[in-house]
Amino acid sequence: ITMDLAYRPAGEDTPVLTEVRTIETRPPDVEGAYSMDWTGAFRAVSTVVLDRTPLPGEPGGQAWGGYAGLSLRLAEGLSERRVVSNDGPIDEMPDDRYRGRHPTLDYSGLVDGRPAGVVILDHPDNPRSPTPWYAIRSAEMSFFSPAVLCYEPITLQAGQRLTLRYRVIVHSGRWDPGRLEAEHATYARETRESK
């Protein structure tokens with residue numbers, strides 16, 4: 001799937017940023033997991049600042065600050081939720097939120113009593129890799145996002161390019177840090193070999 005996108009301020013005709021978005025899907029593997037390789041290739045038409053809602057502790061900071069871009073809001077009925085990175089389980093989530101840097105993040109839970117999850121793998125060539133993540137595990141919402149803008153904005157000058165690449169894998173069961181590390185190594189190797 002390929003899309004050509006143009007971003008422009010409300011009420012203006014001229015875009016300030018363009019994107020070629022490519023989503024390459026793969027069939028389910030022997031375990032039934034399927035994946036999508038998501039690439040956003042951005043080009044600034046004029047100087048543009050990619051920013052986000054400020055974080056708590058910053059001027060105007062909000063509890064929901066720090067996220068932007070590819071995001072997943074998971075099913076309402078997800079129970080026994082767990083957030084795991086390649087470094088281990090994320091147990092400490094002040095205000096039901098997590099912001100930390102890892103090459104991978106997996107969000108799983110029970111769907112109709114069966115374990116399932118979604119993992120996002122950060123491409124090692126992405127800016128600010130390993131990426132900051134923004135995850136919510138609250139009574140109202142199960143959400144996570146690779147948040148390249150979490151800690152600071154990115155300014156692009158006219159003609160400058162920014163490419164973000166991720167692999168999203170939907171899987172059954174609960175994946176542990178070792179499995180996440182192995183999947184990330186496979187993703188990095190496959191994309192190096194395809195260059």
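With which side chain does the side chain of Arg 52 make a polar contact? The partner is the side chain of Glu 58, at 3.0 Å, where a polar contact is a pair of N or O atoms within 3.5 Å, one able to donate a hydrogen and the other to accept it, and residues adjacent in sequence count only if both atoms are side-chain atoms.

This is a predicted model, in which local features need pLDDT of at least 70 and side-chain atom pairs count only at pLDDT 80 or more, while totals for chains, interfaces and linings use all residues. Residues are numbered from 1 along each chain as its sequence is written, and side-chain values use heavy atoms, with hydrogens and water left out.

Arg 52 sits in the loop between S4 and S5, strands being DSSP runs of E with at least two residues, numbered from the N terminus. Arg 52 is buried, at a relative accessible area of 12%; buried means under 20%, with a 1.4 Å probe and protein chains only.

| Polar partner of the Arg 52 side chain | Distance |
|---|---|
| Glu 58, side chain | 3.0 Å |

Beyond four places in sequence, the contacts of Arg 52 (heavy atoms within 4.5 Å) include Gly 66, Tyr 67 and Leu 149.

Elsewhere, an open sheet of four strands runs in the order S5-S12-S11-S8 with antiparallel pairing, two strands pairing if DSSP finds at least two bridges between them. Strands S5 (72–73) and S8 (97–101) stand at the edges with a single partner strand each, so one side of each lacks a neighbour in the sheet. S11 and S12 (residues 142–146) are joined over five bridges, and Trp 133 stands opposite Pro 146 in S12.

How values were computed: Buried < 20%, exposed > 50% of the residue type's maximum accessible area, 1.4 Å probe, protein only.
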